[in-house]
Amino acid sequence: MAKTISKLTARGIAAITEPGIYSDGLNLFLTVGGSGSKSWIFRYRFAGKQREMGIGSATSVSLAKARELAAKHREQIEQDIDPLEARQDGRRASAEARRKQSAIPTFDEAAKLYIAAHRHEWKNAKHAGQWQATLDTYVSPVFGSMPVDRVDTAQVLKALSDIWQTKTETATRVRGRIESILDWARVAGYRTAENPARWKGHLEHSLAAPTKTKAVVNHPALPYQQIGDFMADLKSRDGIAALALQFAILCASRSGEVRLATWSEIDLESRTWTIPAGRMKAGREHRVPLSDAAIQVLRQVPRIEGCEFIFPGAKNKPLSDMTLTAVLRRMKRDEITVHGFRSTFRDWSAEATAFDRQTAEHALAHQLPDKVEAAYLRGDLLEKRALLMQSWADYCAAPSAPKTASVTPIRGVA
């Protein structure tokens with residue numbers, strides 16, 4: 001190796017214009033091309049052969065950095081490592097790592113693979129749909145697009161925390177489903193870390209035991225399993241307010257949207273109710289597909305000449321919110337709220353149907369939390385929602401399942 005070192009200077013390099021090769025010493029050379037381009041090369045002998053490797057453009061690699069790289073390569077030679085081969089090995093390893101990373105599915109993709117692999121084990125054909133629906137609702141918005149090997153405890157807790165106290169039974173199912181999918185991913189070779197959704201010895205230290213969770217009182221909602229008996233009781237009640245409450249439940253609408261509804265917003269031919277933007281929380285027009293039961297309610301409402309409201313109160317003015325609440329009190333259901341029926345509908349669609357999350361969120365006139373997802377879903381899924389709302393109406397007309405609890409207090413659906 002040459003012993004002369006540091007022949008070049010930064011100022012001198014900038015002044016060089018003549019094409020050629022200029023030595024800095026200790027195997028480092030500056031090459032100047034015919035076009036004036038300048039780059040660094042490292043020349044050395046290894047295993048009796050003369051070798052040369054580029055170490056970057058002089059524009060992006062400073063003289064100091066080039067000397068540092070040359071020193072690193074000389075150390076490799078002293079350790080009997082060929083610098084050129086070592087760099088090629090490193091590039092191959094990086095490419096392989098990128099290839100493996102690109103092959104790792106997202107959590108949503110892993111969930112679909114898991115469900116497909118286990119579908120035949122589930123006796124109930126709806127079970128796979130219920131799995132997918134709960135994951136779409138509670139998990140996908142949090143870490144569904146994340147590579148399955150990067151899901152950690154913080155992400156799992158983020159998905160569960162909001163519903164652990166308010167929808168405990170659903171939350172425990174979701175936790176178990178996350179755990180199963182991540183276990184499957186580990187066996188499939190997509191993960192190596194411990195399962196962050198494991199309860200015993202792990203999440204039990206971060207979340208309250210399901211049997212000890214305290215209920216919240218914000219918008220208490222009727223468990224969807226009891227809606228059939230409730231609707232049968234409600235239908236037996238007389239008065240405009242009872243009809244308005246029926247309509248609100250069947251349409252999964254907010255109280256104000258129903259109380260201020262006008263006949264001009266109803267199109268019986270297309271079976272739609274179009275709520276103007278000014279009366280919607282999100283400030284956008286919202287179309288509601290009307291089920292058979294919802295249309296039947298409208299047909300029961302007497303038309304009052306000169307009154308635009310579908311459900312008028314005294315002196316043809318809109319009903320007050322307390323008027324609908326009074327219906328619940330007469331039914332001796334003080335423990336639930338009118339707004340809570342939106343949560344009842346949302347829980348039913350997520351836990352008891354195979355309808356996707358986007359359709360249910362559109363039915364509630366919610367904006368999708370994922371902006372990219374919302375950008376692709378520019379329509380309002382009216383046809384899908386028509387099927388969803390008819391299915392909801394049919395469920396509301398069926399006898400309730402055996403009761404296990406009177407009320408499940410739920411954080412309100414806005």
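Helices (H or I, at least four residues) and strands (E, at least two) are DSSP runs, numbered from the N terminus. This is a predicted model, in which local features need pLDDT of at least 70 and side-chain atom pairs count only at pLDDT 80 or more, while totals for chains, interfaces and linings use all residues. Residues are numbered from 1 along each chain as its sequence is written, and side-chain values use heavy atoms, with hydrogens and water left out.

**View 1. The loop residue Thr106.** Thr106 sits in the loop between α3 (83-103) and α4 (107-118). Its relative accessible area is 19%, so Thr106 is buried (buried means under 20% relative accessible area, exposed over 50%, partly exposed in between, with a 1.4 Å probe and protein chains only). Beyond residues up to four places away in sequence, Thr106 touches Gly144, Ser145, Met146, Pro147 and Val148. Contact here means heavy atoms within 4.5 Å.

**View 2. The whole chain.** The protein chain has 17 helices and 7 strands. Of its 414 residues, 45% count as buried. Among contacts with a separation of 6 or more, 61% join residues 24 or more positions apart. The accessible surface comes to about 21,800 Å², and 51% of this belongs to carbon and sulfur atoms. Accessible areas come from the Shrake-Rupley method with a 1.4 Å probe; for residues, only the protein chains shown count as cover.

**View 3. The largest nonpolar core.** This core has 52 residues. A nonpolar core is a set of buried Ala, Val, Leu, Ile, Met, Phe, Trp, Tyr and Cys residues joined through side-chain atoms within 4.5 Å. Phe230, Phe247, Trp273 and Phe311 have the most contacts inside the core. At least two residues each come from α9 (227-235), α10 (240-251), β6 (272-275), α12 (292-300), α13 (321-330), α14 (340-351) and α17 (382-397). Helix α10 gives the most, with 10 residues. Another core, of 32 residues, lies apart from this one; Tyr114, Trp131, Phe143 and Ala185 are among its members.

**View 4. Phe247 and its partners.** Which residues does Phe247 touch, not counting residues up to four places away in sequence? They are Val258, Trp273, Leu290, Ala294, Val297, Leu298 and Phe311.

**View 5. Leu324 in helix α13.** Leu324 is found in α13. This residue is buried, with a relative accessible area of 0%. Leu324 and Ala244 are 80 residues apart in sequence, yet 7.6 Å apart in space, C-alpha to C-alpha. Not counting residues up to four places away in sequence, Leu324 touches Ala241, Ala244, Leu245, Ser255, Arg259, Leu319 and Val338.

**View 6. Helix α5 against α14.** The axes of α5 (residues 127-138) and α14 come within 7 Å and cross at roughly 130°. Axes are lines fitted to C-alpha atoms, for helices over the stretch in contact, and angles run from 0 to 180 degrees between N-to-C directions. The two helices are therefore oblique to each other (under 35 degrees counts as roughly parallel, over 145 as roughly antiparallel, 65 to 115 as roughly perpendicular and the rest as oblique). From α5, Gln130, Ala133, Thr134, Thr137 and Tyr138 meet Arg346, Asp347, Ser349, Ala350 and Glu351 of α14.

**View 7. Arg287 in strand β7.** Arg287 belongs to β7 (residues 286-289). Arg287 is partly exposed, with a relative accessible area of 32%. Leaving aside neighbours within four places in sequence, Arg287 contacts Trp273, Thr274, Asp380, Leu382 and Arg385. Between Arg287 and Arg385, the separation is 98 residues in sequence and 9.8 Å in space, C-alpha to C-alpha.
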